[in-house]
Amino acid sequence: MHLHWKKEHKQAWNYQFKLLCMQQLPSFLLYVPINLFGKHFFSFSIKTSTDSEYSFGWQAAWLHAIEKAKAMPDPWAQFHLEEIATEPCIRYRYNAVTGEWAQDQVHIKMAAQPFGKGAMRECFRTKKLSNFSHSSNWKSASNYVAKRYMETVDRNVYFEDVRLQMEAKLWGEEYNRHKPPKQVDIMQMCVMEMAVRPGKPLFHLEHYIEGKYIKYNSNSGFVRDDNIRLTPQAFSHFSFERSGHQLIVVDIQGVGDLYTDPQIHTEKGDDFGDGNLGVRGMALFFHSHMCNKICKSMGLTPFDLAPAEKSQLDGTNKLLKSAQTVLRGCEEPCGSPRVRTFSTGRAPPLLSRLSETSSADESMSDVDSAPCSPLILSSLDHF
């Protein structure tokens with residue numbers, strides 16, 4: 001199958017295709033293992049006038065993935081969440097592209113006792129029905145994690161946390177446009193207001209992800225040095241350089257390269273909560289960061305460390321050489337004119353800080369793509 005079109009049509013088509021795919025995607029498939037789709041997920045090609053091929057074939061793949069996902073056992077079946085009383089909630093979602101909040105009502109079932117605790121929050125098993133679902137079968141409802149602060153905090157903190165995570169998600173999408181060996185994503189998160197509980201307490205809500213949870217770096221310079229990963233550190237470094245040194249996304253943690261609870265340090269250090277350590281936080285990251293082969297392939301500038309500081313990273317350098325990530329040779333340098341950030345409406349608060357490292361010629365751009373997730377949030381209920 002071969003279609004030819006003008007270049008100016010390709011950018012819009014890319015975005016429309018992403019929307020189409022998401023509309024075909026059931027909510028329970030959002031975070032299933034990618035191998036459910038099979039190695040022939042993309043099976044037919046569409047050829048553009050620049051002879052670049054876009055291979056798609058999602059119809060058969062969706063059917064195959066749906067059948068496999070339906071057969072997967074519910075990891076929380078033993079807790080019988082479907083027997084818990086249903087609670088109406090007000091859901092608040094942040095669109096990082098427009099900088100606007102949207103709210104609607106959803107229904108959830110939440111366990112009474114937490115199943116885990118972090119330094120600041122505790123986590124509760126939760127199920128939520130999609131607003132687009134015509135079924136009230138709670139056994140097949142998606143699994144979520146509801147999180148609340150163990151100590152009393154201002155209600156605005158919950159909303160600032162969501163704004164931070166959704167802004168960081170845009171930087172993950174910008175990183176992916178540069179064709180790294182492994183793409184990253186940052187989980188969708190929203191605020192839930194428990195409408196019928198006394199005081200209407202707030203919770204954060206995220207999809208539950210199965211897998212080994214790993215913290216790759218922190219907001220104060222920690223870098224994991226056992227079984228070292230290249231992608232999380234390269235992503236942090238990329239955000240610093242792509243923003244023209246105005247910010248850095250750190251505190252990278254999650255399952256594989258699906259991250260959650262990041263922190264953003266900004267040049268002024270006066271937003272994104274107490275975890276924003278400003279310029280000091282940026283310096284702490286680079287004090288313990290040694291550029292890896294992804295950083296080099298994307299043209300990221302090494303930080304100028306003193307000889308004594310470099311010697312402290314000798315062990316890290318040896319571990320970097322043992323990392324298994326393989327470069328594909330198609331990585332785009334940071335700020336390449338071939339990578340175009342396409343969005344609608346006003347510039348998002350952080351992407352407006354993109355470093356203009358070179359002037360882009362319209363005829364050179366063949367990597368146009370849209371920030372898919374925040375745009376889709378406003379029209380689809382896959383979260």
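The model is predicted, so local features require pLDDT of at least 70 and side-chain atom pairs count only at pLDDT 80 or more, while totals for chains, interfaces and linings use all residues. Residues are numbered from 1 along each chain as its sequence is written, and side-chain values use heavy atoms, with hydrogens and water left out.

The chain holds nine helices and 15 strands. These elements are DSSP runs, numbered from the N terminus, with helices (H or I) of at least four residues and strands (E) of at least two. Buried residues make up 50% of the 383 residues. Here buried means under 20% relative accessible area, exposed means over 50%, and partly exposed lies in between (1.4 Å probe, protein chains only). Contacts are heavy atoms within 4.5 Å. Of the contacts with a separation of 6 or more, 68% are accounted for by residues 24 or more positions apart.

The second largest pocket has a volume of about 1,100 Å³. On a 1 Å grid over the protein atoms alone, a pocket is an open set of points where a 1.4 Å probe fits, with protein on both sides within 12 Å along at least five of seven lines; lining residues have an atom within 4 Å of a point. Grid points are joined across faces, edges and corners, and the volume is the space filled by probe spheres set on the points. The lining of this second largest pocket comprises 43 residues. Arg 121, Lys 147, Tyr 149, Gln 253 and Asp 261 lie nearest the centre. Two or more lining residues come from each of strands E5 (116-117), E6 (121-128), E7 (142-149), E10, E11 (213-215) and E13 (253-255), and from helix H3. H3 gives the most, with six residues. By class, the lining divides into 18 nonpolar, 15 polar and ten charged residues. Ala, Val, Leu, Ile, Met, Phe, Trp, Tyr, Cys and Pro count as nonpolar, Asp, Glu, Lys and Arg as charged, and the others, Gly among them, as polar.

Helix H5 (residues 278-287) has buried residues at Gly 278, Gly 281, Met 282, Phe 285 and Phe 286. Seen down the axis of H5, the buried residues fall within an arc of 135°, so they line one face of the helix. The arc is taken from the directions between the helix axis and the C-beta atoms. Val 279 and Arg 280 are exposed on the other side of H5. The buried residues of H5 pack against H4, strand E12 (247-250) and strand E15 (263-266). Leu 247 belongs to strand E12. Leu 247 is buried, at 0% relative accessible area.

Arg 91 is in strand E3 (residues 87-95) and is buried at 0% relative accessibility. The side chains of Arg 91 and Asp 104 are joined by a polar contact of 2.6 Å. Ser 218 sits in the loop between E11 and helix H4 (231-242) and is buried at 8%. The Ser 218 side chain reaches the backbone nitrogen of Ser 220 at 3.1 Å. Ser 218 also touches Val 250 and Asp 251, leaving out residues up to four places away in sequence.

Arg 328 lies in the loop between helix H8 (314-322) and helix H9 (372-377). Arg 328 is exposed, at 53% relative accessibility. Beyond neighbours within four places in sequence, Arg 328 is in contact with Lys 179, Pro 180 and Pro 181. The side chain of Arg 328 reaches the backbone oxygen of Pro 180 at 2.7 Å. Lys 179 lies in the loop between helix H3 (155-176) and strand E8 (185-186) and is partly exposed at 32%. Phi of Lys 179 is near 55°, a positive value in a residue other than glycine. Most residues other than glycine have a negative phi.

Key:
Polar contact = N/O pair within 3.5 Å; in protein donor to acceptor, adjacent residues only side chain to side chain.
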